[in-house]
Every structure is written in C-alpha cells, then in structure tokens.
Amino acid sequence: MAEQDAPEKRGRLSRPLVLGAAVALVDREGLAALTMRRLAAELGVESMALYRYTPGKEALLDGLVEAYFDEINARLRAGAGRGAHEGGWRAELRRIAQAFAATAHAHPEILPLIATRPLSVPVARRPASVLELTEHILAVLGRAGFDDAGALTVYRTFVAWNLGCLLVDKRQVVDNPNEPDPVLRLGLHRLPAAEYPRLRALVPRFADFDDEAELLSGLDSLLDRMPGPPLDGFYGSDAS
C-alpha cells in the first residue's frame, strides 16, 4: 500500500483536491458512484486518508455543494473586471444567473443537491462559498436602494426561479442520449399516444428550447412585476 499512500505522504492531498476529485467522479458516473472507498481509489490513497479532509459521506455531499458554489463565485470573479457592474442591479442578477446556469450545465448530477443540502442546516453553518454568494446578492440589492424587506423578496424570487428553471432542464427529458432517432432518444415510445397525447406532442419542444435564454427571459419577466428600489442603480445613492 506504500504506493497508494504516496499522494498523501508527498503532501499532495488537500481539501480542494479531494472535493475536485469527488466532483469529477460524480460528473462522470453520477452520485451513486460516490463513496469514500471509491474516492480514495480515484486519488490512489487509503480510505482513512480522506477523513482528515471530510469526515464521511454526508460531509462529502456537503463538500460537493461547497465546490459547486466555489465555481460559481470563481466565474463571477473572472468577469468582475470587464464592466460587470455597469448595467445596474438587474444586469448583475442576470450575470449571477448565467454563472449559476453555466455551473449547473457543467455539473448536472450535483444540481439536485444544491436544492436540498443547504436547507438541511441553519444559515450560519452552510459552506462559506454558499454564504459568499448570498451576501453578494443581498449587497447588490442593498446598494441598489432596496430596503431589507424588498431585498429579501427579490432574493427569494431570484433563487427560486434559478433553481426551479434549471431543475426542469431539457436533459431531464432525454431517455437515451446516444439514440439518433428523436422518438427513441426521448423515450416517447414508452408513452401510449392515447393516454398522453399532450406529453407526446410537447416533449420534443422541451428538449429543443434554449434553456439559458428561457432562464433569463423568465427572470426579466419576474423582475418587471416587482417593485423597484427607490434609487434604481447598482450603487444606490453613490451612483454618479
């Protein structure tokens, strides 16, 4: 086992490395494949070597959420120097939605955890990367001039729309992605036409829509129907 323990002995293991390997494994084979033993094998170490970085499977699932939001925050930071804030608070919410969608598309197997795992613990005990994004959104709304109640309403609406839209992403209707025949690829042959005529007719449209465009279009429609801040600008009263 000396060869398997080599990564840890050389100091290669770290929490980001462990979580990165977990994300890659889930991306490739799905959540069901993720176990401490399998992850250790991926890293070439004994299972016990991982417990320094994550105390068990449940903590590892929370680690996937942490890594997911780390990636969203990294995407936002990468775009922050290219005039990201010039369009006001709504433009910034759109930018956040795009970063969230890009991360969801990169890691679709992890997305269901994003809708459930953070809710299992109090806010103060959620991963720092989750809190970082939440703080950023609330700060954007605060600088725009929303009062506390208004900021929370917009925040809840924004998060609910993003998660809801992405969770019904078009990948969910694909039955066999390697099948060239549309009927077989979407599994429509499994649906009796007499019982499910509308599903048979509309499922192909589910598979073909532009999910990012729909995400942003729906977000714009929601925000159009909400009261705006007293000062409609990204920096609120500091805007020039």
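Patches are built from residues with over 30% relative accessible area and no salt bridge; like charges are joined within 9 Å, and nonpolar side chains (Val, Leu, Ile, Met, Phe, Trp, Tyr) within 5 Å. A salt bridge is a side-chain nitrogen of Lys or Arg within 4 Å of a carboxyl oxygen of Asp or Glu. Accessible areas use the Shrake-Rupley method with a 1.4 Å probe, and for residues only the protein chains shown count as cover.

This is a predicted model: local features need pLDDT of at least 70, side-chain atom pairs count only at pLDDT 80 or more, and totals for chains, interfaces and linings use all residues. Residues are numbered from 1 along each chain as its sequence is written, and side-chain values use heavy atoms, with hydrogens and water left out.

**Stop 1: the surface patch.** Select Tyr 196, Leu 199 and Phe 206. They make a nonpolar patch of about 260 Å². Phe 206 sits in helix α10, residues 197-208. Phe 206 counts as partly exposed because its relative accessibility is 37% (buried is under 20%, exposed over 50%, partly exposed in between; 1.4 Å probe, protein chains only).

**Stop 2: the whole chain.** Show the cartoon. The chain has eleven helices and zero strands (DSSP runs numbered from the N terminus: helices are H or I, at least four residues; strands are E, at least two). Of its 240 residues, 39% count as buried. The accessible surface is about 13,200 Å², and carbon and sulfur atoms hold 54% of that.

**Stop 3: helix α5.** Select residues 88-106. The 19 residues should span 27 Å at 1.5 Å a residue, and the end C-alpha atoms are 27 Å apart, so the two agree (expected span: 1.5 Å times one less than the number of residues). Buried residues here include Trp 89, Leu 93, Ile 96 and Phe 100. The buried residues of α5 pack against α4 (57-79), α6 (111-116), α7 (128-144), α8 (148-167) and α11 (211-224).

**Stop 4: helix α8.** This helix has 20 residues and reaches 28 Å from first C-alpha to last, close to the 28 Å expected. Among its buried residues are Val 154, Tyr 155, Phe 158 and Leu 163. Their cover includes α5, α6, α7 and α11.

**Stop 5: confidence.** Colour by pLDDT, the predictor's confidence in each residue, from 0 to 100. The chain averages 85. Helix α2 (residues 15-29) is highest, at a mean of 96, and helix α1 (residues 2-9) lowest, at 45. Now select residues 1-10. Their pLDDT stays under 50, and the model gives them 17 contacts beyond four places in sequence (contact: heavy atoms within 4.5 Å). Finish at residues 234-240, where pLDDT is also below 50.
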